[in-house]
Amino acid sequence: MGDFWKSKRFKILIGVLVFLLAMMLQAAWNGGVPPVLAQAAGAVVTPLQKAASFISEGVTAHFRRYLAADELAEENQQLHQQLNQLREQMVDYERYKQESETLRDYLGIREEHADFVFQPASVVARDPNSRFGSFTIDKGSLAGVEPLDPVISADGLVGLVREVGPNYAKVMTILDVEVDAGAKVLRTQDLGTISGDVMLAEQGTCKLSYLDKDSGAAAGDLVYTSGGAIFPADLVVGTILRVEDEREGISRFAVVQPAADILQLTDVMVITSFNGQGVQGNE
């Protein structure tokens, strides 16, 4: 920059400016602009005007591009928000549709058991350490759920509530060895006890124990609950796959495929009240 102030270009520029200043003073003194000055000024100003116009157009185009980009970005954001709203509406629609179908399925159970009080719930977590398909639901004591309440699906018996919090409950399934439910074979009316079995649980099945040695129960027979203090009567349990003799030979047992898809459940119903619930001696 120091070399410029000492250069010939700078000196010429100063000379031109001094010349123009002198001509302007003369014009002011004489009351007019000499043609020579006008031409000189035009020669100097015209290129500057062209440059300024070019720069102005470039700047304007540049800002137009930015403005267009901002408008596109805003429009894109609005479209993105609309898309998210549509997705949420679709999720709500599918949830309401599923709930409607589920409630329609439960309606048949309600019509058969007018004394049942239901609390719908969703499966929110599964116990990875449980070999019996235990899970957690999103309803607890605040919704009237209590320990030992029966849990069903639209297809049949699932299990019972083991532990309750304010807004959650943990459920044991009928695959669990800790769960026992009085049951009967619909066709033969043979009585027994549904319970879990470690080996059978790996196959998603459970065991109907204490069948009479002369029982006529066979594969394909339906099994229902027989009723009691914990489980009400006439809930579908499942279908007998096979009947075998116990080792001691005193009784027989049946391997039962639960009607409910216990390991894939997403929604259940808790029976919070039914006639005879909690009455000792009924189980």
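Biologist: Is Arg 162 buried, partly exposed or exposed?
Modeller: This is a predicted model. The relative accessibility of Arg 162 is 42%. Buried needs under 20% and exposed needs over 50%. Arg 162 therefore counts as partly exposed.

Biologist: Which residue forms a salt bridge with Arg 162?
Modeller: The closest N and O atoms of the pair are 3.9 Å apart. A salt bridge requires a nitrogen within 4 Å of a carboxyl oxygen, so the pair qualifies. The partner is Glu 163.

Biologist: Which residue forms a salt bridge with Lys 207, and how many residues apart are the two?
Modeller: Glu 246 pairs with Lys 207, with the closest N and O atoms 3.6 Å apart. The pair links distant parts of the chain. Lys 207 sits in strand β8, while Glu 246 lies in the loop between β10 and β11. Both residues are buried. The partner is Glu 246, and the separation is 39 residues.

Biologist: In the salt bridge of Asp 245 and Arg 252, which residue is buried?
Modeller: Their side chains meet at 2.9 Å, N to O. Asp 245 has 45% relative accessibility and counts as partly exposed.

Biologist: What accessible area do Val 177, Val 198 and Met 199 have together?
Modeller: These residues form a nonpolar patch on the surface. Val 198 is found in helix α4. The patch has an accessible area of about 250 Å².

Notes. Residues are numbered from 1 along each chain as its sequence is written. This is a predicted model: local features need pLDDT of at least 70, side-chain atom pairs count only at pLDDT 80 or more; totals for chains, interfaces and linings use all residues. Side-chain values use heavy atoms; hydrogens and water are left out. Patches are made of residues with over 30% relative accessible area and no salt bridge: like charges are joined within 9 Å, nonpolar side chains (Val, Leu, Ile, Met, Phe, Trp, Tyr) within 5 Å. Accessible areas come from the Shrake-Rupley method with a 1.4 Å probe; for residues, only the protein chains shown count as cover. Helices (H or I, at least four residues) and strands (E, at least two) are DSSP runs, numbered from the N terminus. Buried means under 20% relative accessible area, exposed over 50%, partly exposed in between (1.4 Å probe, protein chains only).
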